[in-house]
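Here is a briefing for a reader new to this structure. Look over the sequence and the model, then take the topics in turn.

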Amino acid sequence: MNQSSYIILGAGASGLLLAYRMSLDSYFDDKSILIIDQVKDKGNDKTWCYWEEGEGEWDELLTKKWPKVFFGSKDFTETLDISPYSYKMIRSEKFYHKLWRSIELKPNITFVEDSVKTYTEIDNRVKVVTNKSTYFGLKLLNSILDKTMYETQQKYPVLQQHFVGWFVKTKTDCFDDSIATFMDFNVPQNGNTRFMYVLPIDKNIALFEFTLFSKDLLEHSEYEEAIKDYLKEKKITDFEILEKENGAIPMTSFKFEELNSYNILNIGTAGGWTKASTGYTFYNTSKKTKDLVSFLKNEDDLSVFAKRTKYWFYDLNLLDVLAKNNEKGSLLFASIFKKVNVKTILKFLGEESSLKEDLKIITSVSPMPFILSIVKRFLRIKL
Ligand SMILES: Cc1cc2nc3c(=O)[nH]c(=O)nc-3n(C[C@H](O)[C@H](O)[C@H](O)COP(=O)(O)OP(=O)(O)OC[C@H]3O[C@@H](n4cnc5c(N)ncnc54)[C@H](O)[C@@H]3O)c2cc1C
């Protein structure tokens, strides 16, 4: 029977990045690595953005980077210089190609295009059943998200960052391409946290993404109507749509790490690597896959990889508030952006802040909903 040292389920951002980092480390040269995904060539299925101080590992792949961001709402509006950070954009096709080029040079790494049906841990090894075959391995790194795990529990709220985006090209120059619109809450809120996210790639090409942080998805036409209205309000009428993208990223403090075991580790969104309060995942995945490669070289018990930090609690508290008062998002984010330096906000959201910086964020918002949520959670009572 053929048995791999490692099986990686899913060759998206986290699975492929992990395989790439393993391909660059000679420690893994004598280990057999099997990657399984239902689709190999995914093209530009995602546009990833993240912020970073100075230069970074993926700079050669960037489509664009911005030194300034715009925040807009009826309570606070400002264009903010984020140096020494910049906001960076990568389109997924270039990223996948770079990683595959390195992975495909390694004879010990194989890829199978197939759909995974189940995986289990038995007799101190793992078994993966796909549509076409069955595979065995010593360790399993899984990035296939099983939504039922968090959708069927009641303990932690589940919101989604859901969006539809249009890449728009205008006939004349319309955009200031030095500014990325991080959040523009100047759209009807309709009882939710709704904003427009705008990324100008050029003076006449920009991605307009209508985004919500809320529990339920909308009809597809509602997102598109919101983009049309926003463009009209900005007097952008003569344009063509180059491409569209959409997505729904889970926002939850569900303890994904409790699904891990001695031989199975969940990674990527499936492993809780998505920041629960924002949906950002890419930069964290880049950091975590580095940590994971070092970990795999030194540890056998995969269940001890994931560590919970203070940010888990902060995110839970914010999600408790947003789940109960979804209409408060605009005011809440405006209050933070008005009172706290944007670099501190980025540090906090990037989970690199000190306790002193955390306190600046915490004290920038009206405390009552947060206190009530904490009390409710500790006493398990309905307030
Ligand atoms: C459109 C979009 C835009 C995003 N933009 C950003 C952003 O700007 N910044 C940011 O930080 N995050 C962003 N995210 C969130 C996050 O970075 C991505 O979702 C990221 O791809 C998560 O990586 P992952 O490895 O967990 O999942 P994925 O990249 O989705 O990888 C999972 C893989 O599993 C495979 N798979 C699924 N089911 C099966 C099966 N049964 N059998 C075999 N294979 C299977 C899929 O084909 C896929 O390749 C975005 C998400 C979306 C959807």
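A residue counts as buried if 20 or more other C-beta atoms lie within 10 Å of its own, as exposed if 12 or fewer do, and as partly exposed in between. The model is predicted.

**Backbone exceptions**

- Most residues other than glycine have a negative phi, and most peptide bonds are trans.
- Glutamate 351 is not a glycine, yet its phi is positive, at about 60 degrees.
- Glutamate 351 sits in the loop between helix 8 (342-349) and helix 9 (355-362).
- Glutamate 351 has 16 other C-beta atoms within 10 Å, so it is partly exposed.
- Asparagine 124 also has a positive phi of about 60 degrees, and it is not a glycine either.
- The loop between strand 9 (116-122) and strand 10 (125-130) holds asparagine 124.
- Asparagine 124 counts as exposed because it has 8 C-beta neighbours inside 10 Å.
- The peptide bond from serine 83 to proline 84 is cis, with omega near 10 degrees.
- Proline 84 lies in the loop between strand 6 (78-81) and strand 7 (85-91).

**The shell around the ligand**

- How many residues surround the ligand? There are 28, and the closest are Gly10, Gly12, Ser14, Gly247 and Gly268.
- By type, the shell divides into 13 nonpolar, 12 polar and three charged residues.
- Helix 1 (13-23), strand 2 (33-37), strand 3 (47-53) and strand 16 (239-252) each supply at least two shell residues.
- Strand 3 gives the largest share, with four residues.
- Domain 1 (3-46 + 90-148 + 253-304) and domain 2 (158-251) each contribute at least three residues to the shell.

- Five of the five residues of strand 2 are buried, so the strand is largely enclosed by the rest of the structure.
- In a regular strand the side chains alternate between the two faces of the sheet.
- In strand 2, Ile33, Ile35 and Asp37 point one way, while Leu34 and Ile36 point the other way.
- Strand 1 (residues 3-9) pairs with strand 2 in the parallel sense, over four bridges.
- Isoleucine 7 has leucine 34 of strand 2 as its bridge partner.
- Strand 2 also runs parallel to strand 8 (residues 109-113), and five bridges join the two.
- Leucine 34 stands opposite threonine 110 in strand 8.
- Strand 1, helix 1 and strand 2 form a right-handed β-α-β unit.

- Six of the seven residues of strand 7 are buried, so strand 7 is largely enclosed by the rest of the structure.
- Strand 3 pairs with strand 7 in the antiparallel sense over seven bridges.
- Cysteine 49 stands opposite methionine 89 in strand 7.
- Strand 4 runs antiparallel to strand 7, and four bridges join them.
- Methionine 89 in strand 7 is also the bridge partner of lysine 64.
- Leucine 62 has isoleucine 90 of strand 7 as its bridge partner.

- Another open sheet has seven strands in the order 6-5-13-14-15-12-16, with mixed pairing.
- Its edge strands are strand 6 and strand 16, and each pairs on one side only.
- The twist here averages 20 degrees from one strand to the next.
- Strand 14 (residues 193-200) and strand 15 (residues 205-214) run antiparallel and are joined by eight bridges.
- Proline 200 has alanine 206 of strand 15 as its bridge partner.

Notes: Residues numbered from 1 in each chain as written. Predicted model: local features only at pLDDT ≥ 70, side-chain atom pairs only at ≥ 80, totals over all residues. Near = placed C-beta within 6 Å. Nonpolar A, V, L, I, M, F, W, Y, C, P; charged D, E, K, R; others polar. Domains from an automatic or database assignment. Pairing = 2+ DSSP bridges. Right-handed = clockwise from strand over helix to strand, strands pointing away. Axes fitted to C-alpha atoms, helices over the stretch in contact; angles between N-to-C directions.
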